[in-house]
Each structure stands twice: as structure tokens, then as C-alpha cells.
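Me: I have a structure to study and some questions about it. Can we go through them one at a time?

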Protein chains: 2
Amino acid sequence: MKATDKLKIKNNEGKFICVGLDTDINKIPRHLLKYENPILEFNKAIIDSCADYAAAFKFNFAFYERDKFKLFDDLIKSLSVIPKDILVIADAKRGDIGNTSEMYAKAILVDMNFDSITVNPYLGEDSVLPFLQNPEKLIFILALTSNSGSKDFEKMKLENGKILFQHVIEKIRSWDSKQNCGIVFGATNSQELQENIKLFGNLPVLLPGIGAQGGNLADVISTFNSASRKDFIINVSRSLIYKSNGNNFAEESMKEIINLNNQIATLFNIKKNL
Amino acid sequence: MKATDKLKIKNNEGKFICVGLDTDINKIPRHLLKYENPILEFNKAIIDSCADYAAAFKFNFAFYERDKFKLFDDLIKSLSVIPKDILVIADAKRGDIGNTSEMYAKAILVDMNFDSITVNPYLGEDSVLPFLQNPEKLIFILALTSNSGSKDFEKMKLENGKILFQHVIEKIRSWDSKQNCGIVFGATNSQELQENIKLFGNLPVLLPGIGAQGGNLADVISTFNSASRKDFIINVSRSLIYKSNGNNFAEESMKEIINLNNQIATLFNIKKNL
């Protein structure tokens, strides 16, 4: 199934949460350390408990590159237990000159068969195009990120009056001939989201920054609702997967994602009834 | 030994070439395919033949992420045969929000013990600082890259009259309190190199783009010579490691790096005698 169709179906079911598997051996419940592959056990439990309620799963590659990349075995096994109708995103933030980006695209979208990858646009068009060759995939390109450092470059004003991230979004739209581009837009930037959502066109949006990073869920939903858009996912990592350290950690994460889904439904309905 | 000291010693010996191990199973000599690990055999032969003449070795991570990251075993074994006095760079172009960059830094600079890594600055200060914690390491941050896409964002003019890559370089200098920052500056941009080299301060420079990408060696040396600077390395990948497909491929690569060293020496001397 096309990645964009997977997303649309989940969005239509009222599912907007992307479960971020930033799995850290130092943060998972201690009782899992008795297993041979604690990270795999943790991921399997979270996937199993959250799959019915999630719009997507996202693997933060940094966490799997530890221990000389040995944890990639856990990532690959985790991937295999995710139901095929759920979008799976490689949060790898890759981007390099053309022939190197082509290798990254093959490694992650072909060899590992991820539906989707995050890409850093700094190196420009020829660094991004190799990721866009297959219309079945969905490529989330960084526009405005959720961190404080976004002010250093992404929010710089250009001579032509635009902000750099706005110029990046315009470029992404010009690269979207296969309709397989999306953007990353940090939920911590609620004002910029409101002011720029019209600029996004039809690009699906991946929003990190809710939860541990302090972004406001109500602001995000209000903005998308006002724009009559439902093609987005909100990533939640630490505040969801580490909800509990007890034996019932997976159940507590399930309760949290259901809670988030209910909050979102309520926020959409409130707006509708105004 | 500190990474910057490794570089200084090699530069003082007249060594400026960084051997880029962009090792691709489809491009290595066919007779190596009979080995169990052809990529490892190729790397070992190139390292063995070029180590006496190289300033650094650089691993392009994209090439080792193929086959579900299985090639990282070859990368790790290749690393172990490089003499300890030679700078080894992870060309990974990582960069993410703070806690994720911290994981990338641990994975590559601690777990794998690389001397150096390339970092993408798009996400700003908190995405870069985790890489700069250890003064023993040398962090090459992308300023202006060698590809055509560099015009899309890196060369955009800002409202304050600077070009984005110039603003990035100024930021890098402000982050260099441990004197472990360097910059990546594409050798294909010879005019920008000449016009901006004073802006670099004391930051060591990694220059890709010579060889297959068409950058001009004489222009680079002339600019560094005029600026009385010798703290730089020129990366050469495809045009050096794939010099020959024959049984003598490693010897041909050795001849090529010696040839490049001689060209550089001549270019420096010519200028001196003017």
C-alpha cells in the first residue's frame, strides 16, 4: 500500500499519533534487562499495545546506532512485528550529495523497506531527489524543527523577505511531482504553524515536539481544524513510551495513546460545534 | 592523540589527501568477489597501500548502511587496521535535536571511537553542541557543500547581507570554545573559497569535490597558500580508490595518492618562488 494511503486511512479513523520508538536501554523498565534483547522486548510490547491506536511508528535511528550498530538487529526484528497497514518511519535525518543520498535511500527505503524517512534539506535539491524516486514512499523533509536551535538558521530572514524554513517549504512543493513529499514542522512553534499552514499546500505534516519538549496539543489541533486539514501526525516519544516503569508499562502506554486520541477527538469536536 | 594534532602532524609532513572509502560492491575490482568479505578486502588493500601517504581516511556511512547495516562489520574491521596516528573521519552528516544528537555522538565518537565526524548544522546550536563535548575529537560541520544543490539554501542571501553559509561559519566559530571544530567547504566553490577563507579563522577545513566532482586542485592550493594556511585536507574518493579494476588496483591507488601529494607540493613551491 502507498505510504500516503496508509496515513490517510489512519487519519480518517481519527488516529493522529506517531509512536516514537526512541528506545534507550537506560530508560526502559528494569525488569526487561533479564531478557537477551531487552530493547526488542520493550519495542514488541509497545508495538503490541499501541498498534490499534497509532497512526504510525517512528524509529529514531540514533538510538539503534549505539553499541557499534549492533542494535539494528533489534530494530529490524521490531519492524517485522508492526502490522503492514501502519506507516513506519525511519527518523534518520539523512541528506548528502546525490550519489551518497542514493545509497542512503537504497539502504533505508529498499533494503530495510521503510515506508518513510526524514530527510535534512540543507544540501539542496540533488541531495533530496534520490529519496523521492518511488511514489509509494513518503519523504518527510525538515522544514522547521522543534528545538531551540531552530532560531539559528531555520528562522533566519532572507533577503527576499521570506524566512529560510518558508523557502524550504516552497522548494519541497516544487519537488513534489510524485506527491510523495511531506514536511517536519515542530509543534513547539505554534505561532509559526498557524501563520504558515496555508503555505504547506497538500504536504502531509509530521509534528514532533508534543510531550517532553513542551508543544501544545490544543494549539496544533486548533490550527489544523481551522485549515480543514487532517493529513498530519503528531509524534510522541518519551512521554508515551516511558509512561511507566512497572510491569504494566505497555498497558500504561496504551492508556496514554488512547487518552491522546480522545483529547484530539474532543479538540476537533469542540471546534466543530462552535 | 588529539584529532587536531594528528591532522597538524600530517599537514606538516606535506600530506593533505583524505582517502574517501566510499566502498561500493558494484565498483570494486571483480576478482575480490571471491572473498567472503569483498568490501573488507578492498578497504584493507587500499588502507595498506595508501596509509603512508594519506592525511586521513574517511568512511562514507551511506555505503555501509546497505544490506540492513550488515556492512558495518566490515567498517569496524577496516577501522582497526588504520594506523593510530592517522585521522579517521565518520562521514555521517548527522544532526538532530539535543538528546538525539547526544546519542549519535556517543554511537560514533565513543562506541566506535572515530576521531572525527561530519555534522549537518541545519537544526542549530543544540543539535551541534553534543558532538563538541570532547576536545580530543574534531567535528567537521557543513558550511558550503560541493554539490549543485548548495545554491538552493546554503548560498541564499540573508536579510543582514550575509550568505547563509557565511552565517553558519560565524556560528561555528562561536561554538569553538574547545578548539575542536572544523568546517566542510566544497572544493568546487573555488571563488567562494578565495573570497571567504579569512572568515574561517583557525578552523581546519575538509574539502570534498576534487576528482569525480570536478573541483580544481590548483585553485584550492593557491588560495590556502595565499592565506598562509596549511591546516586542511582534500577528500578524494572515487577517482582515487577506483583508479584501477585490475589485480594491481591498490598499487594504482598508491601511485595516484603519491601523484596528488607531488602535485600539491609543486603547487605550494611554485607559489613560494614567485
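Me: Across which strands does helix α7 of chain A lie, and at about what angle does α7 run to β5(A)?

Reply: This is a predicted model. Helix α7 of chain A spans residues 164-174. The strands it lies across are β5 (138-144) and β6 (181-185) of chain A. Its angle to β5(A) is about 160 degrees.

Me: What do the strands β1 to β8 of chain A form?

Reply: They run in the order β1-β2-β3-β4-β5-β6-β7-β8, with parallel pairing. From one strand to the next, the twist averages 30 degrees. The eight strands make a closed barrel.

Me: Which residue is the bridge partner of Leu21(A) in β2(A)?

Reply: Strands β1 (residues 17-21) and β2 (residues 56-60) of chain A run parallel and are joined by four bridges. In β2(A), Leu21(A) has as its bridge partner Phe59(A).

Me: How many residues are in the largest nonpolar core?

Reply: Nonpolar side chains tend to be buried together in soluble globular proteins. Among the residues with the most contacts inside this core are Ile183(A) and Ile183(B). Beyond its sequence neighbours within four places, Ile183(A) touches residues including Phe140(A), Ile169(A) and Leu203(A). The core's total is 186 residues.

Me: Which element gives the most to the side of chain B that touches chain A?

Reply: The contact takes 49 residues from each of chain B and chain A. Elements giving two or more residues on the chain B side include α3, α4 and α7 of chain B. With seven residues, the one that gives the most is α5(B).

Definitions and conventions
Residues numbered from 1 in each chain as written. Chains lettered and ligands numbered in written order. Predicted model: local features only at pLDDT ≥ 70, side-chain atom pairs only at ≥ 80, totals over all residues. Contact = placed C-beta atoms within 7 Å. Core = buried A, V, L, I, M, F, W, Y, C linked by C-beta atoms within 7 Å. Buried ≥ 20, exposed ≤ 12 C-beta atoms within 10 Å, placed from the backbone. Pairing = 2+ DSSP bridges. Axes fitted to C-alpha atoms, helices over the stretch in contact; angles between N-to-C directions.
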